[in-house]
Amino acid sequence: MYVGIIGSCLSNLPAAFLMGDYGWTRLNNAAANRSDLFISQVINGAEPPALETLQAYLGVDPGAADVNRYLIENYRHRCGMTEIDPSWPGLWANLHSARFDVLLLDNLADIAQGKLRYRGDQFAPFELSFPLHLGTNGEAIHPDFEVLPQLSGEESADNWATIIRFLKRVQPQARLIFSSAPYGTAVGDPGRYERAMSFHNALVDQATNLDVEILPPTVLPVSMTKLPNDRDHFDMAVYRAIAGYIHISTLSGWSNWTNRPLPPEIVEAAVDHSVTPG
């Protein structure tokens, strides 16, 4: 089985267990980029300045793999190579020449990350997803950028509907599995909580016209999260369990039974954001 990721750890960590436990092959891992940037940069090809130019401007060592992994996701022909053998094709090439059995998607970056819009005079305008502090010039060039906020749940859902339609055009046989980012770990952060809550139902509303399986936000005991300091990750057993579901449901042909709105008792529950679970 061949799997690809367009998302975050929420998709890639289950993929790691698919490889380790079940012998799947991960062709690509497009990591840590927002849906609006994936549309503009990868699907539409509106890239920032050339990688070598941007590395020099940001103060990024071309040999620093851990830093460049964030930067290359902004380029159509380089994205999808996080933790992938550098001799392998990128995501764009594989989407048009390889055959994916499963593509794993999630919106964790949308609810958690802002983006940068260049407003300096050295380059034509462009947008970027990159932590400026990882480059040695970060402090000096910070005034050249406007920091834009995270996407709303509805904006994120609209973007992902566009991405899903694109993926089905280029990979019509692939099973698309979408994991909605968790809201259970966003208690204490009302904005993040609202983005996560509103996204899932917004995407489900569009799913009647999309060939995608939407897994609801994962709500687990605090002991299976990394709270209070880490809102993005769960205990590894959670990702292994998700991988088991993906594996057995792919083999058995289960599909499209998970596209359900959030239960009313979840939507209507009073949440005390003054206290973070821990």
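Hello everyone. What we have here is a predicted model, where local features need pLDDT of at least 70, side-chain atom pairs count only at pLDDT 80 or more, and totals for chains, interfaces and linings use all residues. Residues are numbered from 1 along each chain as its sequence is written, and side-chain values use heavy atoms, leaving out hydrogens and water.

Let's start with the sheet. It is open, with five strands in the order 2-1-3-7-8 and parallel pairing. Strands (E, at least two residues) and helices (H or I, at least four) are DSSP runs numbered from the N terminus, and two strands pair if DSSP finds at least two bridges between them. Strand 2 (25-31) and strand 8 (213-215) each have a single partner strand, so one side of each lacks a neighbour in the sheet. Strand 1 (residues 2-7) pairs with strand 2 over six bridges, and Gly 7 stands opposite Ala 31 in strand 2.

Now, which strands does helix 1 touch? Helix 1 (residues 9-22) packs on the sheet, in contact (heavy atoms within 4.5 Å) with strand 1, strand 2, strand 3 (102-106) and strand 7 (175-179).

On to the cores. A nonpolar core is a set of buried Ala, Val, Leu, Ile, Met, Phe, Trp, Tyr and Cys residues joined through side-chain atoms within 4.5 Å; buried means under 20% relative accessible area, with a 1.4 Å probe and protein chains only. The largest has 32 residues, and Leu 91 and Trp 160 are among those with the most contacts inside it. Helix 8 gives the most to this core, seven residues. Apart from it lies another core of 30 residues, including Cys 9 and Val 238.

Methods: Axes fitted to C-alpha atoms, helices over the stretch in contact; angles between N-to-C directions. Buried < 20%, exposed > 50% of the residue type's maximum accessible area, 1.4 Å probe, protein only.
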